[in-house]
Amino acid sequence: MSAISVPDVLHHARITGVGGYRPEQVVPNSEIIGPIDSSDAWIRERSGIESRHRAAPDETVVDMSEHAARAALEHAGLTADQLDGVLVATVTHPYQTPGAAPEVAMRLGSTAAAFDISAACAGYCHAISVANDMVRVGTAEHVLVVGVEKMLDFTDPEDRGSAFIFGDGAGAVIVSRSTTPGIGPTVWGSDGGQQRLITQRSSWIELREDRDLRWPAIVMEGPSVFRWAVWSMAKEAQRALDAAGVTADDLDAFIPHQANVRIIDQMAKALRLPADLPVARDIRTTANTSAASIPLAMDRMIREGEVDSGGLALQIGFGAGLVWAAQVVTIP
Ligand code: UT7
């Protein structure tokens with residue numbers, strides 16, 4: 001019997017380009033507070049959010065992905081025909097099927113393998129891990145990874161616990177074959193026993209059966225998620241540092257999922273990060289864009305000169321599932 005032939009050489013992988021897209025409309029807290037009896041001061045103090053971007057009604061996750069992907073390709077100095085994979089991390093593409101990724105690939109002019117990844121706010125870091133493995137074993141040489149959300153389509157403007165927290169946008173990176181290691185081992189996991197903490201209010205089937213049900217918006221038990229994020233996720237982030245063989249002192253940036261500025265600050269404290277280490281706080285004017293938050297924050301830090309190409313960034317995504325994923329990456 002013949003044996004299956006498999007590659008026996010592992011390659012290195014790194015991020016070679018990043019791009020972001022923020023929709024034109026800026027929505028300040030003052031436009032959110034009415035239906036939830038809140039205030040600009042409360043939202044700033046409890047979450048750090050000052051404003052968010054809202055996609056136009058006819059602007060889709062595919063449209064936003066295309067903008068971010070074109071910017072990432074340009075940064076990487078590549079064209080779409082060089083892509084071997086297109087991964088789109090999202091939970092707000094409003095079609096059960098087909099996924100968003102094949103359409104994103106088609107818009108760019110690519111017929112590469114294309115599929116979506118559903119891991120909520122951790123989707124981007126999951127996709128980085130998959131793209132890294134594709135490049136490592138030789139399945140692909142260049143993979144486009146997009147994190148994109150139109151969260152405001154799935155937000156209840158009358159829900160006090162979530163109406164102020166989410167925003168729309170897309171971030172994209174290219175993961176490419178490299179001569180040196182640029183993506184550390186991924187530390188990831190899940191805790192499905194806590195699925196009720198962040199969830200769609202009802203299923204599509206329940207909505208079909210009971211027309212009195214409200215739109216199945218994404219809702220969360222904020223304080224429980226907050227405690228989980230602060231206490232458990234800092235430990236996972238530390239495990240990602242250990243897995244990569246680096247310490248907090250070796251880092252050039254900390255780019256966690258942008259869920260709440262108080263979570264970001266407490267994680268930085270728990271990780272004992274150097275006081276002068278650049279920490280992403282893109283949440284202030286972008287809010288929580290779920291799968292898009294880390295690449296959007298990285299894009300801003302690079303564009304504003306806060307981090308240099310070649311430096312090391314610790315990134316961690318966490319959210320509905322509950323699920324999480326973290327890795328150390330070299331900044332493109
Ligand atoms: O991206 C996925 C992961 N998601 C997260 O990581 C989100 C994690 N959770 C959070 O970020 C926070 O829990 C929130 C920002 C969502 C809420 O902040 P909090 O400090 O946990 O508020 P709370 O729900 O504990 O409420 C504190 C107080 C309460 O009043 P009393 O009982 O102290 O008098 C609430 O009734 O604030 C009140 N409150 C509000 N007041 C004004 C709750 N929501 C609001 C509101 N506006 N929207």
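1. Start with Asp159, in the loop between β6 and β7. The model is predicted. Asp159 is buried, yet it has no salt bridge. The nearest side chain of opposite charge is Arg201, 4.1 Å away. A salt bridge needs a side-chain nitrogen of Lys or Arg within 4 Å of a carboxyl oxygen of Asp or Glu. Leaving aside residues up to four places away in sequence, Asp159 touches Ile36, Arg201 and Val219.

2. Next, the sheet. It is open and built from 5 strands, in the order β1-β7-β6-β4-β5, with mixed pairing. On average, neighbouring strands are turned by 20° against each other, direction ignored.

3. Look inside the sheet at β4 (residues 85-89) and β6 (residues 142-150). These strands run parallel and are joined by 5 bridges. Leu87 has Val145 in β6 as its bridge partner.

4. Two helices pack on this sheet. Helix α4 (residues 123-137) touches β1, β4, β5, β6 and β7 (168-178). The direction of α4 makes about 20° with that of β7. Helix α9 (residues 293-303) touches β1 and β7. The direction of α9 makes about 85° with that of β1.

5. Gly77 follows α2, with a positive phi near 70°.

6. Asp63 and Glu66 also belong to a network of salt bridges, together with Arg70, Glu103 and Arg107. The structure holds 18 salt bridges.

7. Which residue forms a salt bridge with Arg239? The partner is Glu236, with the closest N and O atoms 2.7 Å apart. Both lie in helix α6 (residues 222-244), 3 residues apart, about one turn of the helix. Arg239 is partly exposed, with a relative accessible area of 45%. Glu236 counts as buried because its relative accessibility is 12%.

8. Two further salt bridges are worth checking. Arg46 pairs with Glu45, the closest N and O atoms being 3.7 Å apart. Arg46 counts as partly exposed at 32% relative accessibility, and Glu45 as exposed at 55%. Arg300 pairs with Glu304, with the closest N and O atoms 3.5 Å apart.

Methods. Residues numbered from 1 in each chain as written. Predicted model: local features only at pLDDT ≥ 70, side-chain atom pairs only at ≥ 80, totals over all residues. Heavy atoms only, no water. Pairing = 2+ DSSP bridges. Helix = DSSP H or I, 4+ residues; strand = E, 2+ residues; numbered from the N terminus. Axes fitted to C-alpha atoms, helices over the stretch in contact; angles between N-to-C directions. Contact = heavy atoms within 4.5 Å. Buried < 20%, exposed > 50% of the residue type's maximum accessible area, 1.4 Å probe, protein only. Lys, Arg positive; Asp, Glu negative; His and termini not counted.
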